[in-house]
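Here is my note, in numbered points. Please keep the model open while you read.

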Amino acid sequence: MKQINQYLDSVFTEQDDLLEEVLVLIEEHGMPSISVSASSGKLLTMLISMSGAKHVLEIGALGGYSGICLARGFGSEGTLTSLELEEKHADLAYGNLTKAGFGDQVSYRTGPALESLEKLADEKKTFDFFFIDADKDNYENYLNYCVKLAEPGALIVADNVLAGGSVIDSETKPKRYTDFMKKFNQTVANHPQLQSMLIPIGDGLTVSRVK
Ligand SMILES: C[S@@+](CC[C@H](N)C(=O)[O-])C[C@H]1O[C@@H](n2cnc3c(N)ncnc32)[C@H](O)[C@@H]1O
(Lines give C-alpha, C1' and ligand atoms only; values in the text may rest on other atoms or scores of the structure.)
Protein backbone atom coordinates (compact mmCIF):
# COMPACT_ATOMS: atom_id res chain seq x y z
CA MET A 1 0.00 0.00 0.00
CA LYS A 2 2.82 2.39 0.94
CA GLN A 3 4.67 1.76 -2.32
CA ILE A 4 1.53 2.20 -4.42
CA ASN A 5 0.76 5.48 -2.65
CA GLN A 6 4.31 6.76 -3.18
CA TYR A 7 3.99 5.88 -6.87
CA LEU A 8 0.59 7.61 -7.18
CA ASP A 9 1.77 10.71 -5.36
CA SER A 10 4.94 10.96 -7.46
CA VAL A 11 3.33 10.32 -10.87
CA PHE A 12 -0.13 11.85 -10.50
CA THR A 13 0.34 14.88 -8.25
CA GLU A 14 2.34 18.02 -8.87
CA GLN A 15 4.38 20.23 -6.59
CA ASP A 16 1.80 22.35 -4.72
CA ASP A 17 3.41 25.11 -2.68
CA LEU A 18 0.18 26.12 -0.93
CA LEU A 19 -0.65 22.59 0.25
CA GLU A 20 3.00 22.07 1.28
CA GLU A 21 2.78 25.23 3.38
CA VAL A 22 -0.42 23.95 5.03
CA LEU A 23 1.41 20.76 6.07
CA VAL A 24 4.29 22.80 7.53
CA LEU A 25 1.88 25.06 9.47
CA ILE A 26 0.05 22.02 10.87
CA GLU A 27 3.36 20.71 12.22
CA GLU A 28 4.40 24.12 13.54
CA HIS A 29 1.10 24.38 15.44
CA GLY A 30 1.77 21.03 17.09
CA MET A 31 -1.18 19.44 15.33
CA PRO A 32 -1.07 15.82 14.08
CA SER A 33 0.11 15.04 10.53
CA ILE A 34 -3.09 13.30 9.48
CA SER A 35 -4.26 15.31 6.47
CA VAL A 36 -5.40 13.34 3.42
CA SER A 37 -2.65 12.20 1.03
CA ALA A 38 -1.82 14.34 -2.00
CA SER A 39 -3.49 11.80 -4.32
CA SER A 40 -6.61 11.57 -2.16
CA GLY A 41 -6.79 15.38 -2.15
CA LYS A 42 -6.53 15.50 -5.92
CA LEU A 43 -9.26 12.89 -6.23
CA LEU A 44 -11.54 14.97 -3.95
CA THR A 45 -11.00 17.98 -6.24
CA MET A 46 -11.78 15.86 -9.29
CA LEU A 47 -14.88 14.22 -7.79
CA ILE A 48 -16.34 17.63 -7.00
CA SER A 49 -15.57 19.11 -10.40
CA MET A 50 -16.79 15.98 -12.23
CA SER A 51 -20.04 15.83 -10.25
CA GLY A 52 -20.63 19.59 -10.39
CA ALA A 53 -21.23 19.66 -6.61
CA LYS A 54 -21.60 23.19 -5.21
CA HIS A 55 -22.55 22.73 -1.57
CA VAL A 56 -20.01 20.67 0.29
CA LEU A 57 -20.06 19.48 3.90
CA GLU A 58 -16.78 18.37 5.48
CA ILE A 59 -16.59 16.58 8.82
CA GLY A 60 -13.08 17.03 10.26
CA ALA A 61 -11.14 20.12 9.09
CA LEU A 62 -7.74 19.88 10.85
CA GLY A 63 -5.58 22.54 9.08
CA GLY A 64 -7.65 22.91 5.93
CA TYR A 65 -5.68 20.64 3.57
CA SER A 66 -8.72 18.65 2.42
CA GLY A 67 -10.82 21.82 2.63
CA ILE A 68 -8.64 23.48 0.00
CA CYS A 69 -8.83 20.38 -2.20
CA LEU A 70 -12.64 20.32 -1.87
CA ALA A 71 -12.99 24.06 -2.59
CA ARG A 72 -10.73 23.83 -5.64
CA GLY A 73 -13.29 21.40 -7.08
CA PHE A 74 -16.10 23.99 -7.07
CA GLY A 75 -13.93 27.05 -7.73
CA SER A 76 -15.61 30.43 -7.42
CA GLU A 77 -19.16 29.05 -7.37
CA GLY A 78 -19.68 26.93 -4.29
CA THR A 79 -19.66 26.78 -0.53
CA LEU A 80 -17.86 24.64 2.01
CA THR A 81 -19.36 24.05 5.44
CA SER A 82 -16.82 22.40 7.71
CA LEU A 83 -17.45 20.78 11.10
CA GLU A 84 -14.53 20.67 13.51
CA LEU A 85 -14.25 19.83 17.21
CA GLU A 86 -11.25 22.04 17.97
CA GLU A 87 -11.43 25.83 17.72
CA LYS A 88 -7.65 25.95 17.12
CA HIS A 89 -7.94 23.61 14.12
CA ALA A 90 -10.85 25.54 12.62
CA ASP A 91 -8.92 28.82 13.00
CA LEU A 92 -5.89 27.46 11.17
CA ALA A 93 -8.10 25.87 8.49
CA TYR A 94 -9.94 29.15 7.95
CA GLY A 95 -6.64 31.04 7.61
CA ASN A 96 -5.43 28.53 5.04
CA LEU A 97 -8.70 28.54 3.06
CA THR A 98 -8.48 32.35 3.03
CA LYS A 99 -4.92 32.18 1.67
CA ALA A 100 -6.22 29.83 -1.02
CA GLY A 101 -8.83 32.43 -2.02
CA PHE A 102 -11.91 30.73 -0.51
CA GLY A 103 -12.32 32.78 2.68
CA ASP A 104 -15.74 34.11 1.61
CA GLN A 105 -17.02 30.66 0.64
CA VAL A 106 -16.20 28.66 3.75
CA SER A 107 -17.81 28.52 7.18
CA TYR A 108 -16.73 26.53 10.23
CA ARG A 109 -18.97 25.14 12.93
CA THR A 110 -16.95 24.12 15.96
CA GLY A 111 -17.82 21.55 18.61
CA PRO A 112 -18.77 17.87 18.32
CA ALA A 113 -19.84 17.22 14.73
CA LEU A 114 -22.91 15.22 15.81
CA GLU A 115 -24.31 18.35 17.48
CA SER A 116 -23.58 20.49 14.42
CA LEU A 117 -25.21 17.88 12.18
CA GLU A 118 -28.34 17.90 14.32
CA LYS A 119 -28.48 21.71 13.96
CA LEU A 120 -27.96 21.51 10.20
CA ALA A 121 -30.86 19.03 10.02
CA ASP A 122 -33.05 21.37 12.12
CA GLU A 123 -32.14 24.22 9.75
CA LYS A 124 -33.18 21.95 6.81
CA LYS A 125 -29.80 22.47 5.12
CA THR A 126 -28.92 20.16 2.23
CA PHE A 127 -25.63 19.38 0.49
CA ASP A 128 -24.53 17.67 -2.70
CA PHE A 129 -21.11 16.43 -1.49
CA PHE A 130 -19.91 15.14 1.88
CA PHE A 131 -16.44 14.33 3.12
CA ILE A 132 -16.21 12.33 6.35
CA ASP A 133 -12.77 12.47 8.01
CA ALA A 134 -13.17 12.88 11.78
CA ASP A 135 -13.43 10.48 14.77
CA LYS A 136 -13.79 6.98 13.38
CA ASP A 137 -16.18 5.70 16.08
CA ASN A 138 -18.85 8.00 14.71
CA TYR A 139 -18.50 7.25 11.00
CA GLU A 140 -21.80 5.34 10.88
CA ASN A 141 -23.59 8.15 12.73
CA TYR A 142 -22.06 10.67 10.33
CA LEU A 143 -23.13 8.55 7.38
CA ASN A 144 -26.73 8.49 8.61
CA TYR A 145 -26.77 12.28 8.91
CA CYS A 146 -25.17 12.69 5.48
CA VAL A 147 -27.89 10.53 3.89
CA LYS A 148 -30.49 12.66 5.70
CA LEU A 149 -28.93 15.96 4.53
CA ALA A 150 -28.21 14.76 0.97
CA GLU A 151 -29.76 16.02 -2.22
CA PRO A 152 -30.57 13.20 -4.67
CA GLY A 153 -27.40 12.11 -6.48
CA ALA A 154 -25.11 13.55 -3.79
CA LEU A 155 -21.74 11.92 -3.18
CA ILE A 156 -20.51 10.83 0.25
CA VAL A 157 -16.77 10.18 0.56
CA ALA A 158 -15.15 8.77 3.70
CA ASP A 159 -11.41 8.54 4.44
CA ASN A 160 -9.30 5.95 6.31
CA VAL A 161 -11.61 3.08 5.47
CA LEU A 162 -8.68 0.66 4.98
CA ALA A 163 -7.28 1.50 8.44
CA GLY A 164 -3.69 1.11 7.20
CA GLY A 165 -4.62 -2.18 5.47
CA SER A 166 -5.77 -3.78 8.71
CA VAL A 167 -9.36 -4.25 7.47
CA ILE A 168 -8.16 -6.81 4.92
CA ASP A 169 -4.94 -8.23 6.27
CA SER A 170 -5.02 -10.17 9.51
CA GLU A 171 -1.21 -9.92 9.69
CA THR A 172 -1.29 -6.09 9.79
CA LYS A 173 -1.44 -4.81 13.35
CA PRO A 174 -5.04 -3.72 13.94
CA LYS A 175 -5.74 -0.07 14.69
CA ARG A 176 -8.06 1.12 17.42
CA TYR A 177 -10.67 1.73 14.75
CA THR A 178 -10.16 -1.32 12.50
CA ASP A 179 -13.43 -2.95 13.56
CA PHE A 180 -15.37 0.30 13.13
CA MET A 181 -14.04 0.55 9.57
CA LYS A 182 -14.84 -3.08 8.76
CA LYS A 183 -18.42 -2.48 9.87
CA PHE A 184 -18.62 0.91 8.12
CA ASN A 185 -17.47 -0.63 4.81
CA GLN A 186 -20.13 -3.34 5.09
CA THR A 187 -22.74 -0.69 5.82
CA VAL A 188 -21.93 1.54 2.83
CA ALA A 189 -21.58 -1.50 0.56
CA ASN A 190 -25.04 -2.79 1.46
CA HIS A 191 -26.93 0.43 2.21
CA PRO A 192 -30.28 0.46 0.35
CA GLN A 193 -29.97 4.19 -0.43
CA LEU A 194 -26.34 4.10 -1.59
CA GLN A 195 -24.31 2.84 -4.50
CA SER A 196 -20.75 2.51 -3.21
CA MET A 197 -17.18 1.57 -4.07
CA LEU A 198 -13.91 1.66 -2.17
CA ILE A 199 -10.93 3.31 -3.89
CA PRO A 200 -7.68 2.02 -2.33
CA ILE A 201 -5.63 5.23 -2.43
CA GLY A 202 -4.19 7.01 0.59
CA ASP A 203 -5.68 5.15 3.54
CA GLY A 204 -8.70 4.13 1.42
CA LEU A 205 -11.70 6.21 0.38
CA THR A 206 -15.25 4.96 0.03
CA VAL A 207 -17.27 6.85 -2.54
CA SER A 208 -21.05 6.50 -2.28
CA ARG A 209 -23.74 7.98 -4.47
CA VAL A 210 -27.10 8.68 -2.85
CA LYS A 211 -29.83 7.08 -4.98
C1 LIG B 1 -7.99 13.33 10.17
S2 LIG B 1 -8.24 14.93 10.81
C3 LIG B 1 -8.99 15.76 9.45
C4 LIG B 1 -8.05 15.97 8.32
C5 LIG B 1 -8.60 16.87 7.22
N6 LIG B 1 -9.84 16.32 6.68
C7 LIG B 1 -7.61 16.98 6.09
O8 LIG B 1 -7.41 15.98 5.37
O9 LIG B 1 -7.04 18.06 5.92
C10 LIG B 1 -9.59 14.73 11.90
C11 LIG B 1 -10.14 16.03 12.47
O12 LIG B 1 -11.41 15.69 13.06
C13 LIG B 1 -11.54 16.45 14.23
N14 LIG B 1 -12.50 15.75 15.13
C15 LIG B 1 -12.27 14.71 15.95
N16 LIG B 1 -13.39 14.38 16.61
C17 LIG B 1 -14.35 15.23 16.19
C18 LIG B 1 -15.73 15.40 16.52
N19 LIG B 1 -16.34 14.63 17.39
N20 LIG B 1 -16.39 16.38 15.88
C21 LIG B 1 -15.78 17.18 14.96
N22 LIG B 1 -14.49 17.05 14.62
C23 LIG B 1 -13.79 16.10 15.22
C24 LIG B 1 -10.13 16.51 14.81
O25 LIG B 1 -10.02 17.60 15.71
C26 LIG B 1 -9.29 16.66 13.55
O27 LIG B 1 -9.06 18.01 13.26
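1. Some terms come before the helix pair. Axes are lines fitted to C-alpha atoms, for helices over the stretch in contact, and angles run from 0 to 180 degrees between N-to-C directions. Helices (H or I, at least four residues) are DSSP runs numbered from the N terminus. The model is predicted: local features need pLDDT of at least 70, and side-chain atom pairs count only at pLDDT 80 or more, while totals for chains, interfaces and linings use all residues. Residues are numbered from 1 along each chain as its sequence is written, and side-chain values use heavy atoms, without hydrogens and water.

2. Look at α2 (residues 17–28) and α5 (residues 87–99). They pack at about 160°, and their axes are 11 Å apart. That makes α2 roughly antiparallel to α5 (over 145 degrees).

3. Which residues of α2 and α5 make the contact (heavy atoms within 4.5 Å)? From α2 come L18, E21, V22, L25 and I26; from α5 come L92, N96 and K99. Five of these contact residues are nonpolar, one is polar and two are charged. Here Val, Leu and Ile count among the nonpolar, Asp, Glu, Lys and Arg as charged, and Gly among the polar.

4. L19 also lies in α2. Its relative accessibility is 6%, so L19 counts as buried (under 20% relative accessible area, with a 1.4 Å probe and protein chains only). Beyond four places in sequence, L19 touches Y65, I68, C69 and R72. L19 and C69 are 50 residues apart in sequence, yet 8.8 Å apart from C-alpha to C-alpha.

5. S39 sits in helix α3 (residues 38–51). S39 is buried too, at 8% relative accessible area. Leaving aside neighbours within four places in sequence, S39 contacts L8, D9, T13 and I201.

Technical notes. Helix = DSSP H or I, 4+ residues; strand = E, 2+ residues; numbered from the N terminus. Parallel < 35°, antiparallel > 145°, perpendicular 65-115°, else oblique. Contact = heavy atoms within 4.5 Å. Buried < 20%, exposed > 50% of the residue type's maximum accessible area, 1.4 Å probe, protein only.
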